Amino acid sequence: MPPAKKKAVRKKKVAARKKVVRRKPAATRKRKKASRKGFPWFKWFLGLSLMGILALGAYSLYLSQIVRVKFEGKRWAIPARVYARPLELYVGADLTVERLKAELQALGYRKVKQAVKPAQWSQSGSRFIFQTRPFLFWDGEEPSRRVGLRISNSTVSALKDASTGKDLDILRLEPPEIGSIYPSHKEDRVLVRRDQLPDHLVAALLAAEDRDYFHHHGVNPLSIARAVMANLKAGHAVQGGSTLTQQLVKNFFLTPERSLWRKFNEALMAIILDARYSKDEILEAYANEVFLGQDGERAIHGFGLAAYFYFNRPLDELRLHETALLVGLLKGASYYDPRRHPQRALKRRNLVLQLMVDQGFIDQATADKAKKLPLGVGRKGRRSNARHPAFIDLVRRQLRRDYQEEDLTSEGLRIFTTLDPWAQQILDTQLARGLNALEKSRRKLPSGSLQAAMVLVSPQGGEIRALSGGRDAGFAGFNRALDAVRPIGSLIKPVIYLLALSRPREYSLVTLLEDEPVNLKDAKGRVWSPKNYDRKAHGLVPLHTALAHSYNLATVHLGLALGLDKVVRQLRLMGVQRPVRPLPSLLLGAVSLSPLEVAQFYQSIASGGFRTPLRAIREITDRQGNPLQRYPLEVKQVAEPGPVYLLSRNLVEVMREGTGRGVRRYLPEELEVAGKTGTTDELRDSWFAGFSGDWLAVAWVGRDDNKPAGLTGASGALTLWGRVMKSLKAQPLGLLPPENVVYVWVDAKTGYLSAEDCEGAFAMPFIRGSEPRLRSSCLEGMEQDRGFLDRLFD
């Protein structure tokens, strides 16, 4: 090839290579350009991912702090627990077989063939063997004891330690819990520790709610997958995938709203909770938090309280079929409520038992045996306020003087009261029956129109043993025992007569009073003309007769002579704190008081002149049993024993011959009791206040609309009083005269000194030195005859 041509070819190849070289950088630049366009998205993705991770971490720390603060802090507001009095047993104590059985059943003790465990009892005729529960009283721990007891003639005739055979001086049964003072959200719970959860309860929980609880980390993907498959297969929701930890988080930390965000929080917090705390700690919290029923306004939370609510006994005393029922309620406490839907509850309980078999916790024979047992659910347990709402109301009012509401509803205080459950049961029963009988006996009274209130007090100690605020014992409405402030009528008369008898130089039981009409004008010129109930005037009558027959005119004359201001002062001394105006109408009971206030001033009479403020509380301790507040017995003398004794003898006469004699329809003639009837204008209010050797009781009957009830004190309130005293088997009064009281024979008509052999003579007590000086004609005749005979034989 010619050189020129070679040179030309070489130039073409070089040019071609340069052209190729130039194209490569262009393609590269395009790739780089494209790369530059995509890189910002990648950067954003990395940045957002990093920010998301940081945000999730920060949010997790935030949730972790919430979990820590609430889980390690004060988890629940614990209500104050209110206890009745403990039953004290000793040789000679009044006790019937029926009462002991009722007391043991109220405590949730099980009747068995042989009592070998706490809270068990057996009976053979009048002999009982029972083993008490240990209990922390305000003055120390009372250990569990196996006790042998025999009852003869309605008294304890033998009391022994059944394990050693040694005699016991005294034994206190644990007091029944009668209610609580709840927080504003009305939640109630009895806290239990992990070691107090029965093994069969934990097994039932795992079988029915979370079989992999001890193997997952708060959230269980396998459980969720199983639930999804089961629900898809059934076509509707039949199974949940939440773990126990998630359920606790949902109930304890979160609101009930249904949303993906809440579900996300639930899962994340469950993981955090599982990472921070042990499985046992979480299980304990779960057992105390779960919702297991509703008692009126009170929400039943936790297995500890549910055991009492459904079975009336502690959780550690429940058997397999009972704990299976409680676990079954987790699926829907209202839907499976064993009291309202027993068949549903039974089916659900048996399903839980079968799940325990399927997962190897129990064998089939054990499950089959448990399935044959009844639900065993009793009436609402002793922790329900519904049984004693009026008394719980009184306790709350007395507590407010010493404690703030927050202390009462969150600190778990233990309040020991004076309530006698046996007496309260009698009061509730007899009051309702008595009102029904009164309405049936008077056709003009519509059924259910009458209401009543009653207070039972120990005369010497001033302890309120029972209290009823209306005919419906379980109704927590208007508390008539405390708030029905009504005119008391003739109930005030003993105060006036006590004031008179406290002046022995002027008055005695035989002092003649003027029972004649009286007309008094007030400042506005209005005339007050009181009348006796029988519309008659009886002339001169002995003081004791005027009170026994409740003569109004004689009482007005006596009160005016004593002085209205002094009558008011005597009322205050005896415990009436309500303002009382010194008007003449006061003398016939134109002063309005509640039954509890009446009981207070009658307690001063029943105790022999020593006033003790009525109290419903004995002791208060914290949750650990440390004493916080004591309510010691306070006694103040407000009248001399002599005049009080004379008045009490006169009130016994009221019950034998006066306005209270109708009580003999209920009480035997030989049973000595004292009391006074009270009736207000137009028969609007029927009152009775009276006392025996061991009980003081005040009863009121009337209508809430203040319309006439058509009942006197004798035909209304006295009948309720008699019913209650009969059921309580009241002890006789057994009045003992003080040293300065002497008995002398007097003439019934004139009150002059007489002799045992004289017609119409009877023995009458007097303060020494105040005996009558004038002699009856019979006595004078006897003295003259004795003088004639003395001279004859000189």
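Analyst: A helix here is a DSSP run of H or I with at least four residues, and helices are numbered from the N terminus. This model is predicted. Helix α8 covers residues 302-311. Asn312 follows α8 and has a positive phi, near 60 degrees.

User: Why is α8 called largely enclosed by the rest of the structure?

Analyst: Buried means under 20% relative accessible area. In α8, 10 of the 10 residues are buried, so the helix is largely enclosed by the rest of the structure. Among these buried residues are Phe303, Leu305, Tyr308 and Phe311.

User: What do the buried residues of α8 pack against?

Analyst: They pack against the helices α3 (199-209), α7 (279-289) and α9 (320-328). They also pack against the strands β12 (187-188), β13 (291-295) and β14 (298-301).

User: What makes α10 roughly antiparallel to α11?

Analyst: Look at the crossing angle. The axes of α10 (residues 342-358) and α11 (residues 364-371) cross at roughly 170 degrees. Angles over 145 degrees count as roughly antiparallel. Therefore α10 is roughly antiparallel to α11. The two axes come within 9 Å.

User: Which residues make that contact?

Analyst: From α10 come Arg349, Asn350, Leu353, Gln354 and Val357. From α11 come Gln364, Ala367, Ala370 and Lys371. By type, the residues of this contact divide into 4 nonpolar, 3 polar and 2 charged.

User: Why is Ala119 called buried?

Analyst: The cut-off is under 20% relative accessible area. Ala119 has 1% relative accessibility, so Ala119 counts as buried. Ala119 is found in the loop between β3 (110-111) and β4 (120-124). Its phi is near 70 degrees, a positive value in a residue other than glycine.

User: Ser154 is not a glycine either. Why is Ser154 called partly exposed?

Analyst: Buried is under 20%, exposed is over 50%, and partly exposed is in between. The relative accessible area of Ser154 is 38%, so Ser154 is partly exposed. Ser154 is found in the loop between β8 (146-152) and β9 (155-161). Its phi is positive, at about 65 degrees.

User: How do you know whether Ser122 is buried or exposed?

Analyst: Ser122 has a relative accessible area of 10%, so Ser122 is buried. Ser122 lies in strand β4. Leaving aside neighbours within four places in sequence, its contacts include Val112, Lys113, Phe128 and Ile129.

User: How far apart are Leu408 and Pro79 in sequence and in space?

Analyst: In sequence they are 329 residues apart. In space they are 6.5 Å apart, C-alpha to C-alpha. Leu408 is found in helix α13 (residues 405-410). At 1% relative accessible area, Leu408 is buried. Leaving aside neighbours within four places in sequence, Leu408 is in contact with Pro79, Ala80, Ile181, Leu399, Tyr403 and Leu413.

User: What is the predictor's confidence across the chain?

Analyst: The average pLDDT is 88, and 86% of the residues score at least 70. Over residues 18-24, pLDDT stays under 50. For that stretch the model has 0 contacts beyond four places in sequence.

Terms used. Residues numbered from 1 in each chain as written. Predicted model: local features only at pLDDT ≥ 70, side-chain atom pairs only at ≥ 80, totals over all residues. Heavy atoms only, no water. Axes fitted to C-alpha atoms, helices over the stretch in contact; angles between N-to-C directions. Helix = DSSP H or I, 4+ residues; strand = E, 2+ residues; numbered from the N terminus. Parallel < 35°, antiparallel > 145°, perpendicular 65-115°, else oblique. Contact = heavy atoms within 4.5 Å. Nonpolar A, V, L, I, M, F, W, Y, C, P; charged D, E, K, R; others polar. pLDDT = per-residue confidence, 0-100. Buried < 20%, exposed > 50% of the residue type's maximum accessible area, 1.4 Å probe, protein only.
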